[in-house]
Amino acid sequence: MTPMGILHRAIFMTTELSRRWRPRSLLQLVLLAFVVVMLPIAVLMFQAGQALSQLSTLADQSARQAVEETRRARMLSSLALQMERSARQYAVIEEEGLRDIYDQKVKQFGALLQQHEPLMGNNPDFQSLSERFQRLRVLPPAPVKDMSAFLQGFSGFATESEAVRDDTNELIDARIADIRQQANSVKTRLWMQTAALVSASLILMLFFTWLITRPIRQLERRIFGLGSGDHSDVPTRIQGPAELVQLGDRLSWLSGRLSELEAQKQQFLRHMSHELKTPLASVREGTALLGDGVAGELNERQSEVVRLIDENGQELQTLIEQLLDYNLLQNSRRMKVTQFDIATVIQEVLSKHRLALDNKGMQVTSPHHPVMWQADRERTARVLDNLISNAIAYGNDGGQLMIRTAQQRDELMLDVANSGDPIAEADRDHLFEAFYQGSARRKGPLKGSGIGLSVAADCAKLQDGQLALVEDAELPVCFRLTLPWANRPARVSHQDRAPHDDNDAAPGEPARSGEARKKTWSVR
């Protein structure tokens with residue numbers, strides 16, 4: 001089996017084991033993680049204690065042996081001198097007491113020599129000393145004149161004893177060096193074991209961290225999905241401790257419940273819009289018939305009442321449509337990205353407001369040369385529609401409405417500016433909040449609902465764009481829509497180009513020459 005196959009097999013077995021066995025609680029998982037992570041460290045401490053104990057025992061034994069062997073070698077050298085001195089005294093005085101002293105020294109020397117033999121049995125100096133001792137161990141009971149040959153055997157006896165003592169010291173030094181080498185070997189082994197076991201502890205710690213955080217991340221994604229309103233994915237069952245699994249089940253129940261409530265809300269809004277629009281259409285149709293004099297001529301007071309009824313009916317219809325648009329936008333998060341001409345969209349939106357512009361007598365300046373861009377056409381048109389409607393509602397009669405486009409790298413900036421009273425500082429932070437109505441009042445028969453700019457801002461955000469109130473050098477009120485190139489395909493890079501204005505060409509098209517193709521038209 002290949003290494004990759006072994007790895008896949010190990011991962012599969014681990015997954016199966018985690019599915020079949022799970023701690024019953026988060027506390028059990030944490031305690032188990034602590035025990036398992038500490039296990040390699042405990043093994044390391046046990047092995048280090050054993051190694052240190054062995055080294056300590058070996059060093060203690062070696063120290064005792066070194067002291068005994070050094071003392072024994074020193075005593076051999078001292079006894080060698082004492083034996084020679086006793087033999088020479090006996091040769092001079094010939095007293096039996098001196099012979100007894102010599103025999104006692106010989107006995108001590110022989111015992112020490114026998115104890116020293118396991119250490120230096122094959123040493124030449126030790127063997128030479130042993131042979132000479134065998135010749136000198138018995139003091140001959142000869143006359144003094146025959147002792148000269150025996151005493152001649154003591155020549156070099158002390159020197160050989162000193163050589164044995166030096167060899168003993170060398171053996172002790174070699175043993176100490178061997179102990180030092182063993183200590184270094186144990187230290188190296190302990191370092192290797194420390195690295196291996198600490199690495200194992202870190203791996204186990206990471207593994208249990210993953211086990212603990214995995215269900216938490218799953219819960220976080222589930223909660224984020226609930227908050228963002230995305231119910232498209234089928235939630236997977238949480239894998240982890242029982243408390244987190246139970247919490248995941250509760251979130252699944254909550255997700256289903258929210259989906260049911262959302263469906264009920266949508267159904268309620270659809271039914272209410274139908275139920276409201278049907279009588280509203282009848283009311284407006286009736287007011288239109290009355291206003292046209294179908295039921296008879298109306299006097300001035302009656303005509304005024306019919307006009308007020310028609311205006312309020314139109315206001316109610318506008319509020320219902322805006323509310324439905326806002327609700328649809330909140331529940332529809334998918335984009336329909338296409339490539340289209342911004343200038344064409346601007347002209348289409350302006351044509352919808354032609355009558356209102358005629359009534360206001362506003363002068364409109366807008367681009368007419370093609371500006372190709374890739375985005376959500378419907379939502380971009382909705383942003384423009386709300387901005388132009390807002391400019392008509394709050395702009396001055398006979399004022400100006402200016403629409404400008406500018407392209408900078410992979411972003412398109414679209415400005416909608418109008419003359420009129422500047423927006424108050426207190427209202428600027430709340431302009432794009434739903435149902436917020438500022439201190440300024442609309443200039444017209446219809447009242448605002450406070451959701452137009454909120455819908456426009458949401459349409460911009462859904463395209464990763466931005467809608468903001470900016471300062472303008474020409475007009476007091478200017479809203480800027482910034483749109484990125486959505487799902488940009490491979491095309492010519494514009495990073496080295498200067499910021500575009502209305503005279504720039506669309507992405508991938510050659511620059512257009514000549515004067516700016518703007519059309520200024522005045523309506524009265």
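Strand β5, spanning residues 411-418, is largely enclosed by the rest of the structure, because 7 of its 8 residues are buried, where buried stands for a relative accessible area under 20%. In this predicted model, β5 pairs in the antiparallel sense with strand β4 and also runs antiparallel to strand β7. The points below take up these two pairings and then the chain that holds them.

**Pairing of β5 with β4**
- Strand β4, which covers residues 400-408, is joined to β5 in the antiparallel sense over 8 bridges.
- Within this pairing, arginine 404 has aspartate 415 of β5 as its bridge partner.
- The two strands β4 and β5 form a hairpin in which 2 residues lie between them, and arginine 409, located in the turn, has a positive phi of about 55°.

**Pairing of β5 with β7**
- Strand β7, made up of residues 477-484, is linked to β5 by 8 bridges, and the two strands run antiparallel.
- In this pairing leucine 414 stands opposite leucine 481, a residue of β7.

**The chain as a whole**
- The secondary structure of the chain comprises 13 helices and 8 strands.
- Of the 524 residues in the chain, 34% are buried, whereas in strand β5 that description applies to 7 of 8 residues.
- When contacts between residues at least 6 apart in sequence are considered, 75% of them join residues at least 24 apart.

Definitions and conventions:
Residues are numbered from 1 along each chain as its sequence is written. This is a predicted model: local features need pLDDT of at least 70, side-chain atom pairs count only at pLDDT 80 or more; totals for chains, interfaces and linings use all residues. Side-chain values use heavy atoms; hydrogens and water are left out. Helices (H or I, at least four residues) and strands (E, at least two) are DSSP runs, numbered from the N terminus. Buried means under 20% relative accessible area, exposed over 50%, partly exposed in between (1.4 Å probe, protein chains only). Contact means heavy atoms within 4.5 Å. Two strands pair if DSSP finds at least two bridges between them.
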